[in-house]
Amino acid sequence: MALRHLGKKGIQASFKRGLVLPRVPASTERLISSTFLKSTSESVAFSFARYINGFGFSSPNHESSPNSTLTSVRYFHASRETQARRKEDPDRPLSHRELKKQTVKTKGKFSKREKKTDKPPVEAPYVPPRLQRLAKGLAEKTVDVFEGMTLLEFSKRTGESLAVLQSILLNVGETVSSEFDAISIDVAELLAMEIGINVRRQHTTEGSQILPRPPVVTVMGHVDHGKTSLLDALRNTSVAAREAGGITQHVGAFVVGMPDSGTSITFLDTPGHAAFSEMRARGAAVTDIVVLVVAADDGVMPQTLEAIAHARSANVPIVVAINKCDKPGANPERVKNQLAGEGIELEDIGGNVQVVEVSAMKSTGLDKLEEALLLEAVDMDLKARVEGPAQAYVVEARLDKGRGPLATIIVKAGTLVSGHHVVIGSQWGRLRAIRDMAGKQTDRATPAMPVEIEGLKGLPMAGDDVIVVESEERAKMLSEGRKRKYERDRLLKADEARIAEAEKKEAESEEGFVRVELPIIVKSDVQGTAQAVADALRTLNSPQVFVNIVHSGVGAVSHSDLERAQACGACIVAFNVKGGGSGNLSAAQASVKVFHHRVIYHLLEDIGNLIVEKAPGVSELEVAGEAEVLSIFKVLGKRRSEEDGVSIAGCKVMDGRVCRSGMMRLLRSGEVLFEGSCASLKREKQDVEQVGKGNECGLVMGEWNDFRVGDVIQCMEAVVRKPKFVSSESGAVRIEC
């Protein structure tokens, strides 16, 4: 036997070389096992056992082993029966190869690839992608911040981690050693802007002196009901006479000293035209009491109802002043009934709303109005903090050539001192001067006092809050942060508007409808009026013309405005702005239309006519004329048969005219039988283009020969129908298509 001559080392070496041994008898196997196990070398036995675990014996010479044709996989030291039992035993220890295979199968990063098939991929029809609307984010969160709150408290309110807040503080140059350190209210707003959260500043009154303050009264009502005339009668002035067109188009703030009581009341005068709804809303937001002026000879009008809605939304009390009671057609009782029908609970019917009958022209009933306002103020117990940084509200803003940006504000609490650094919206500045509404310079402004401030770096928006900060660096930091936030919000709104407009254009193109764009640049004397004019122009949007406000600003028309208008093909609306000779010459050279107006009625009318002119119109078919069939003539063809012939309808035009180029419609007993073109139209053997009313003609319609006496033939013509500019008595305008 070959194995006997190998010995222990020879067997080990043969197995390492991968020698395939022939099958041996069972007695030889026992000999080899006993010889190998007697070895005193544990390392050799261990390596040999690892190598031959599962090793196979085969017979390469089939002739010498005819009874063994298959490979036998066996443990070297185990019998055939033992090997079978081990394979069937589930609790047996696994070999090295089996453990390796099991480990590879359980690893998650390995996956079995699917076998490639020869089947071709399924061809799906191509669907072009549609414009997807930007997913609107969640509603912006608003948190209350106050002076001295800790970083941990701010983190809990905003839901942001302390690590993120501390990194933002390092970027803005602020150092906080612990989450329990207090941060200022300005730093809290900076953090909120960086993480995209709105803040609401809360000012404490602990340790401050609380004193009574004058009431802020807003005068509201319909246009031409005498609001400004009533204020003129209270302070013995004539502001209404200086307004263009005799109507108020700005928000005015005045302090009126009451002669009887010796107290003062701050009045806000708001425009009454329908275009200035936003101004009235701002006036109601800052006021304590609303005086609703209603003309006794006109009654409740649309802007009266709007003023009532603004007062209710602001949750402020109302005092009704029925004006023009001296006129012959005055009927105060009718006005009271109308107000009661709108839900105003008047004192006459057991409510709590005071009603005063006055006359601004004859100055009657003013003392009763003063008494009603002071009584309402006493019931409200109006008090404010006098010490500490001021809180104010921007009523109006304008641009002066010599003094720069100016803002009219009303102080709500605290004291505003000249030299303070303030942040208004996204603008900042150091107050150079404070002037009262009479134009006199003062060094401070107390609560409920309207003043005009100068020294700002830019023009703020009407309705912005005034914030006093401790240094110029803090003011710059807040201003830059707000500008970034405003820019992000503006771009987001612009993207949403662009996608909405693209979807609308796509829908219109599918319907074969064309919409024209009218770009407009708005310039005005004050910021609030510019906003109101831009909003009023947007209401003139129609399905045919889209009014796009490219830019809105304050001041005279400049060369940059002309260049912008020329670049985008826009027209310029200059409201209450003086126009210079050089500006008009430059506009004429640049072929830019500039509309100069001082009255909102005329402005809206001109822009409405421009929209009507620019609108493409809608093509429609209308009846141009009707003819009645009186007789029928048949002309035979070449084959001399009726099937090959042509029927001529002898008609008389009963109304309008019949044109050869028009579309013909045949009616019989009111039912439309045929619509088609006119093949021939003759009068007295002459080919004509049209036949007027009362004349007779011969008419041939293409592919229709079944005429009968009494049939009616209508001539249809395509006309382009333009939209109409409609103005109501209340001042509201619209475009009807």
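Hi everyone, let me start with a lysine: Lys 412 is partly exposed, with a relative accessible area of 38%. Before I go on, please keep in mind that this is a predicted model.

So, what does Lys 412 pair with? Its side chain meets that of Asp 465 in a salt bridge, at 3.9 Å from N to O. This pair links distant parts of the chain, with Lys 412 in strand β14 (residues 404-413) and Asp 465 in strand β21 (residues 465-469), 53 residues apart. Asp 465 counts as partly exposed too, at 41% relative accessibility.

Staying with charged pairs, Glu 675 forms a salt bridge with Arg 665, and here the closest N and O atoms are 2.9 Å apart. Glu 675 lies in strand β30 (residues 671-683) and Arg 665 in strand β29 (residues 663-668), so this bridge ties together parts that are ten residues apart in sequence. Is Glu 675 buried or partly exposed? With 46% relative accessibility, Glu 675 counts as partly exposed. Arg 665 is partly exposed as well, with a relative accessible area of 21%; the cut-off for buried is under 20%.

How many salt bridges does a search of the whole structure find? The count is 32. One of them is formed by Glu 189 and Arg 201, whose closest N and O atoms are 2.6 Å apart. Glu 189 sits in helix α8 and Arg 201 in strand β4 (residues 198-202), so the pair ties together parts that are twelve residues apart in sequence. In this pair, Glu 189 counts as buried, at 6% relative accessibility. Arg 201 counts as buried too, at 17%.

Which residues of α6 (residues 151-158) are buried? They are Leu 151, Phe 154, Ser 155 and Thr 158. Those four cover an arc of only 100° around the axis, which puts them on the same side of α6.

Strand β6 (residues 216-221) is mostly covered, and six of its six residues are buried. As a reminder, in a regular strand the side chains alternate between the two faces of the sheet. In β6 both faces are covered: Val 216, Thr 218 and Met 220 are buried on one side, and Val 217, Val 219 and Gly 221 are buried on the other.

Which strands does β6 pair with? One is β8 (residues 264-269), joined to β6 in the parallel sense over four bridges, and there Val 217 stands opposite Phe 267. Another is β9 (residues 289-295), which runs parallel to β6 and is joined to it by five bridges. On that side, Thr 218 stands opposite Val 290.

Next, a four-stranded open sheet. The strands come in the order β23-β22-β24-β25, and their pairing is parallel. Its edge strands are β23 (545-554) and β25 (594-597), each pairing on one side only. Neighbouring strands in this sheet are turned by 20° against each other on average, direction ignored. If you zoom in on β22 (residues 516-524), you will see that β22 pairs with β23 in the parallel sense over nine bridges. Leu 518, for example, has Val 547 in β23 as its bridge partner.

My last stop is Glu 717, which is found in strand β34 (residues 712-721). Which side chain does that of Glu 717 touch in a polar contact? The partner is the side chain of Arg 657, at 3.0 Å. Leaving aside neighbours within four places in sequence, Glu 717 is in contact with Glu 620, Leu 621, Glu 622, Ala 624, Arg 657 and Cys 659.

How values were computed: Residues numbered from 1 in each chain as written. Predicted model: local features only at pLDDT ≥ 70, side-chain atom pairs only at ≥ 80, totals over all residues. Heavy atoms only, no water. Pairing = 2+ DSSP bridges. Helix = DSSP H or I, 4+ residues; strand = E, 2+ residues; numbered from the N terminus. Axes fitted to C-alpha atoms, helices over the stretch in contact; angles between N-to-C directions. Buried < 20%, exposed > 50% of the residue type's maximum accessible area, 1.4 Å probe, protein only. Arc of directions from axis to C-beta. Polar contact = N/O pair within 3.5 Å; in protein donor to acceptor, adjacent residues only side chain to side chain. Contact = heavy atoms within 4.5 Å. Salt bridge = Lys/Arg side-chain N within 4 Å of Asp/Glu carboxyl O.
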